[in-house]
Amino acid sequence: MNCKRILLLITAVLIVGSLFSQNYNEKLLVKYTDKELTQMQKENTAQLDVLDYFVTEGFNIVDMPDKPIEYMELVKVNPKTGQVDADYQITIADLESFNPLEFNCMFDSGKSTYYKVGDTGKLIIVESYFRLQNKAENKKRVKNLNR
């Protein structure tokens, strides 16, 4: 009897704890505080979904094309202040767990944007906000269907 009560109590604590704890993407936490993300989730869930999708799947890293392309140079920035770190040398290692919030990488409302990754021979393609929004919504729908 005591064992059942203890088990019930532990289960209740775990359920309540999981309801109140927020699990935000680690990549978002480099720029936003837990409080800011919680507020965003309450006021504008769609925006949070787009940002989450952006930092995980909203970009593609490809080889630099041979043809001329309009691009911006990728630079390291302080996610909190937006200040550029002019001395930082971007390498292939930066692309292994790439977080666009740590660089000047951002989406545009109507078109894809392109960023040359230093002297690595790589290019980052960031999809437009509308494509990111659409893909984030689709991902959420699929996730809800699988529940």
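Colleague: At what angle do H2 and H3 pack, and how far apart are their axes?

Modeller: In this predicted model, H2 and H3 pack at about 125°, and their axes lie 5 Å apart.

Colleague: What makes H3 and H5 roughly perpendicular?

Modeller: Their packing angle is about 100°, with the axes 9 Å apart. Because the range for roughly perpendicular is 65 to 115 degrees, H3 and H5 are described in that way.

Colleague: Which residues of H3 and H5 are involved?

Modeller: H3 contributes Thr45, Asp49, Val50, Tyr53, Phe54, Thr56 and Glu57, and H5 contributes Tyr129, Leu132, Gln133, Lys135, Ala136, Lys139 and Lys140. Six of the residues in this contact are nonpolar, three polar and five charged.

Colleague: How do you know that the span of H3 is close to the expected one?

Modeller: Helix H3 covers residues 45–57, which is 13 residues, and reaches 18 Å from its first C-alpha to its last. The expected value at 1.5 Å a residue is 18 Å, and the span of H3 is close to it.

Colleague: Which residues of H3 are buried, and against what do the buried residues pack?

Modeller: Leu48, Val50, Leu51, Tyr53, Phe54 and Val55 are buried in H3. The buried residues of H3 pack against helix H2 (34–43), strand S1 (59–63), S4 and H5.

Colleague: Why is Glu127 called buried?

Modeller: The relative accessible area of Glu127 is 5%. Buried means under 20%, so Glu127 qualifies.

Colleague: Where is Glu127 found, and what does it touch?

Modeller: Glu127 is in the loop between strand S4 (122–126) and helix H5 (129–145). Leaving aside residues up to four places away in sequence, Glu127 touches Gly58, Asn60, Phe107, Ser112, Leu132 and Lys135.

Colleague: What makes the pairing of Glu127 and Lys135 a polar contact?

Modeller: The contact joins their side chains at 3.0 Å.

Note on methods:
Residues numbered from 1 in each chain as written. Predicted model: local features only at pLDDT ≥ 70, side-chain atom pairs only at ≥ 80, totals over all residues. Heavy atoms only, no water. Helix = DSSP H or I, 4+ residues; strand = E, 2+ residues; numbered from the N terminus. Buried < 20%, exposed > 50% of the residue type's maximum accessible area, 1.4 Å probe, protein only. Polar contact = N/O pair within 3.5 Å; in protein donor to acceptor, adjacent residues only side chain to side chain. Contact = heavy atoms within 4.5 Å. Expected span 1.5 Å × (residues − 1). Axes fitted to C-alpha atoms, helices over the stretch in contact; angles between N-to-C directions. Parallel < 35°, antiparallel > 145°, perpendicular 65-115°, else oblique. Nonpolar A, V, L, I, M, F, W, Y, C, P; charged D, E, K, R; others polar.
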